[in-house]
Amino acid sequence: MAQPTEILKGTLGLLILRTLELEPRHGVGIADRIEQITRGTFNVKAGSLFPALHRLEQEGFIAGEWSVTEAGRRIRAYRLTPAGRQQLIAEKKQWARIVSAVGLVLESD
Amino acid sequence: MPLVPKIVSFWRTLVRGRTIEVELDDELRSYVEEVTARKVALGAEPSAARRQTLMEIGGLDRIKEEVRDVRIGRLAEETFRDISYAWRMLRKAPGFTLAAVTTLALGVGANTAIFSVVHALLIAPLPYADPARLVFVWADQSSEGYPRAPLSGPELIDLDTRASLFDGFGAIWATTAALTGDSEPEQLRIGLVSSDFFSLLGANAEVGRTFVAADETSGAPGSILLSAAVWQRRYGGDPAIAGKRVLVNGRPTTVVGVMPAGFRLLMPPDAAVPDDLEAWQLLDRALPEFPRGQRFLRVVGRMRNGVSLADAQQDVARVGTEISKAYPHYGAAGRKFETVSLHADAVREIRGPLLTMFGAVGILLLIACVNVASLLIARAASRTRETAVRVALGAGNGRLFRQHLIEGLLLTTVGAITGLVVARWGLDALLALAPPALSRLSAAEISGPVIAFSLAVVFTWGVLLSVAPLSEVWRVRLANAIRIDAARNGGGGQRLRTVLISTQIAMSVILVVGALLLVRTFMNVQAIDPGFNAGGIYSFRLASRPAKDRGLAFGRRLQEELSALTGVAGAASLSHAPYDHVPNWGGPYLSRKGAEPSTAPQADYRSLSPGALELLGIRLIDGRSFTEDDDDNARLVVVVDNRLAARAWPGESPIGRRLAVDPFVTGEPKIWATVVGVVQHVRHRSPVEEVRDQIYFPQRQLLRNPSVYIVKATGDPAAIVPSVRDALTRIDPALPIYDVRPLTAYVEGANATRAFTMQLAVIFALVALTLASVGIYGVIAYSVTLRHREFGVRRALGAGAAQVIALVARDGARLLTRGIVAGLVGAALVTWFLRGLLFGVSPWDLATYASAIPVLIVVGLIACLLPARRALATNPVDALRSE
């Protein structure tokens, strides 16, 4: 398991959108998924997860709905909205640009 | 994020705030449960697992707080915080808040009340359908001394048939008629109208209908349209009144309908059509066959859609030219028709006073706002420490700016709301105070546009005055940076306040000068000799006379009986009381045989009983007045005024000259009368101008009804009223007496608008002075506080009371001098607008300007008195110890 790392400022939104790309998830599900994919590098805390979720919902990129799990627990699951899908595409491109730019800087002599 | 969803979401957050809180709770609880359950599944003990989860999260409240931040948005949240902070600050300083809100409420209230009147009378369209297309038509007879003369019946038809740009023309003429039969007889002021008059205006009846053409056909019964006032007063608002029969001048007449309660005819003031008519009837059906010279119709036209006023003017002028050629009767003078927008003309005479009042309350609002700004600055100065702390804690310029803006706007909002309440009362008071002559003021109401205007004005000022204290804030920032004790160094804000208060004094000077000019005007008008003396005279009218005792015999008997009463110096009767609303009577006259009738000068006619000239104190210049011998058995005689005499026979004695007159208003002066006397011109239509030449007929030869009876008392005129009533009852218990009032009441009525304008101006000036004195007091008192220590030291060093007072007075004097000088200059510029309202005094009357100065000085001194006493009371020891 990799060393847990602070999520880069501003990337949590992107990660959440990506996580929701395939299916709706609730808070714990999103945190689990991010931790799982990054093999434990990113451990999303509730303190940053919920404000981020509500900001994304406020901006109309995701929508939360209440549902009940098989275990009978009420959960609020979020799904990607069409606007969120577009935002994800835009942010992915942006991220790719940042990565390549930063890479260029780091690899230059 | 685009603006609209942002607003929607923000709004949802506001209204659904509670739901969101609950949902957030649920969501977080579910999160905690799930994480805890997972720990339990790994073998942890439930309560320990839960504790650990909560610790990992680091406090649910913090998360909620952050989510809320996200939800509401920083700006909105800070604004809310600022508002609640501002609200707390206002509540913590009730004295300041009360002073500021009262001041604002006064300013806004006065402004809104007056604007509601301005809006109703000058801005809002006339209460008729499509009023912009309505025009007033008159004949220009300036050369005969009658610039806006009425038209004749045939001329109304000419306009209808020859004018091409109009939908139609309607006509009205005011007269009186006796309503009898169903209860007490009474005389009504009646408008005689053409049958299409109301439909032309687009005014409909409340009950029944207005007139239709069928009412005019021969054989149709007489018809009458009632005002709501008569309907209520006489028929108790009977809903089935339409179709009922009443007696008008003894003739059976059908009530066709009732006009709505607020309905007024808004005719030009010199049209001799009062706006408080009590009923309407149709003009004589034979009108088109009336002589062309019989001119009495006031004509209203409705322009076709899209026709300009200029084109309409050309159109009616062309009709005038055409008929001048077509009918030789008009002679050399011809006919000149003129037209003007009905609205513009209807408000011509009140526009000046109204706009003056509007300007005055505008200045008043300005003064009020300056006061509030000054209060805010003083408060900002007293909150120096708080500001310093906020600045030290990192409050940026923008944040401080917003805080002040919000405090100012909150104050303005409270002031504006209170002001609207004050405006309601103010308007009620205004309407109660308004003379009957200004009854059309009652159309004013605090309506939507009025409120919108007032709020727009007050919030503009609100923004400006919330920014004023920032000067003080900048100073604190500066002081903070260089670490001086800002609280003890009251410089910048005080300087700005000084400027503000000087401005305020200047504006008060303008209002005081304006009010004084109007007071002078009023006094000048009061001092005018109108040519008669109403003092000691009581007057009344009779709605009908005893059936068996008609005409001259009754008049003679009444005059004898009344004269014989104790306490009565004499009694007489005449056709018109001065300045009354009885429709005027007059016509052209010829002063020599063969004179051109078309250019004959116009005169007002009056009919007098013997003794009337003497009772009224009308000065006889030459010849004699009327006697009982001037009756049916004698030749027709007249008394003329000196104005007519000078025009007709300049430099010669008029006595014994012959004059052709037209007392029966046929349109042609054909009846020859002999001049037996010349009297001083009487200003019976306007106290401030001579209107027309005057011809008096002996009542015994030419009786005109209804007469006004006058009784002159040897003592208090009111004291003889009971015995006059007794005497009338002795003659006939059924005599209906009305309009019982001292003759001076008519004179007051004629001056009422002027008196009203003056009273309002004086009230506004007094309010301005009060506000200014509060302003002066505030600045001086604050400077005394700032110089507390200085006064202490001076006292300690042996300064006497006089010296300390002089120090305070010097501050006050500096404020006053600047303010007064600026105010006098300002007044000289502004009072020019008053010139139309002034009489016998120039807008730049030096004496008036000079007399404003001591008023301001006294007010200023009074305002300095309290602070000076405080300065005197400074205990040197305390002042030094407080260091």
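D130(B) is found in the loop of chain B that runs between α6 (94-123) and β1 (134-141). In this predicted model, the phi angle of D130(B) is near 45°, a positive value in a residue other than glycine, and the residue is partly exposed, with a relative accessible area of 38%. A positive phi, of about 60°, is also found at Y579(B), which is likewise not a glycine. Y579(B) belongs to the loop between β14 (568-574) and β15 (586-588) of chain B, but here the residue is buried, its relative accessible area being 11%.

Two asparagine residues of chain B were also examined. N751(B) lies in helix α22, which spans residues 743-786 of chain B, and counts as buried at 5% relative accessibility. When its neighbours within four places in sequence are left aside, N751(B) is in contact with F522(B), V525(B), Q526(B) and P687(B). N875(B), by contrast, is partly exposed, with a relative accessible area of 35%, and is located in the loop between α25 (846-872) and α26 (876-881) of chain B. The C-alpha atom of N875(B) is separated by 33 Å from that of W474(B), a residue 401 places away along the chain.

Over all chains, the structure holds 45 salt bridges. One of them is formed by K39(B) with E56(B), the closest N and O atoms of the pair being 3.1 Å apart. Since K39(B) lies in helix α2 of chain B and E56(B) in helix α3 of chain B, the pair ties together parts that are 17 residues apart in sequence.

Other salt bridges join residues within a single helix. The side chains of R318(B) and D315(B) meet at an N to O distance of 2.6 Å, and both residues lie in helix α10 (residues 309-326) of chain B, three residues apart, or about one turn of the helix. In this pair the acidic residue, D315(B), is buried, with a relative accessible area of 4%, while R318(B) counts as partly exposed at 31%. A salt bridge is likewise made by the side chains of R557(B) and E561(B), with an N to O distance of 3.8 Å. Because R557(B) and E561(B) are four residues apart in helix α18 (residues 551-563) of chain B, they are separated by about one helical turn. Both R557(B), at 31% relative accessibility, and E561(B), at 26%, count as partly exposed. Beyond these pairs, salt bridges that share partners join E57(A), R76(A), E23(B) and E27(B) into one network.

The contact between the two chains was then considered as a whole. In chain B, 23 residues are in contact with 20 residues of chain A, and the area buried between the chains is about 2,000 Å², of which carbon and sulfur atoms give 57%. On the side of chain B, the residues that lose the most area to chain A are E27(B), Y31(B) and R71(B), which together account for 30% of what that side buries. Four salt bridges are found across this interface, and the count of residue pairs in polar contact between the chains, with both residues at pLDDT 80 or more, is six. The elements that give two or more residues to the side of chain B that touches chain A are α1 (3-15), α2 (17-41), α3 (46-57) and α4 (60-72) of chain B. Of these, α2(B) gives the most, with 12 residues.

On chain A, a nonpolar surface patch of about 650 Å² is made by L8(A), W95(A), I98(A), V99(A), V102(A), V105(A) and L106(A). Within this patch, W95(A) is found in helix α4 (residues 82-107) of chain A and is partly exposed, with a relative accessible area of 34%.

Methods:
Residues are numbered from 1 along each chain as its sequence is written. Chains are lettered from A and ligands numbered from 1 in the order in which they are written. This is a predicted model: local features need pLDDT of at least 70, side-chain atom pairs count only at pLDDT 80 or more; totals for chains, interfaces and linings use all residues. Side-chain values use heavy atoms; hydrogens and water are left out. Buried means under 20% relative accessible area, exposed over 50%, partly exposed in between (1.4 Å probe, protein chains only). Patches are made of residues with over 30% relative accessible area and no salt bridge: like charges are joined within 9 Å, nonpolar side chains (Val, Leu, Ile, Met, Phe, Trp, Tyr) within 5 Å. Accessible areas come from the Shrake-Rupley method with a 1.4 Å probe; for residues, only the protein chains shown count as cover. Contact means heavy atoms within 4.5 Å. Buried area is the accessible area (1.4 Å probe) that two parts lose on being put together, summed over both. A polar contact is a pair of N or O atoms within 3.5 Å; within protein, one must be able to donate a hydrogen and the other to accept it, and residues adjacent in sequence count only if both atoms are side-chain atoms.
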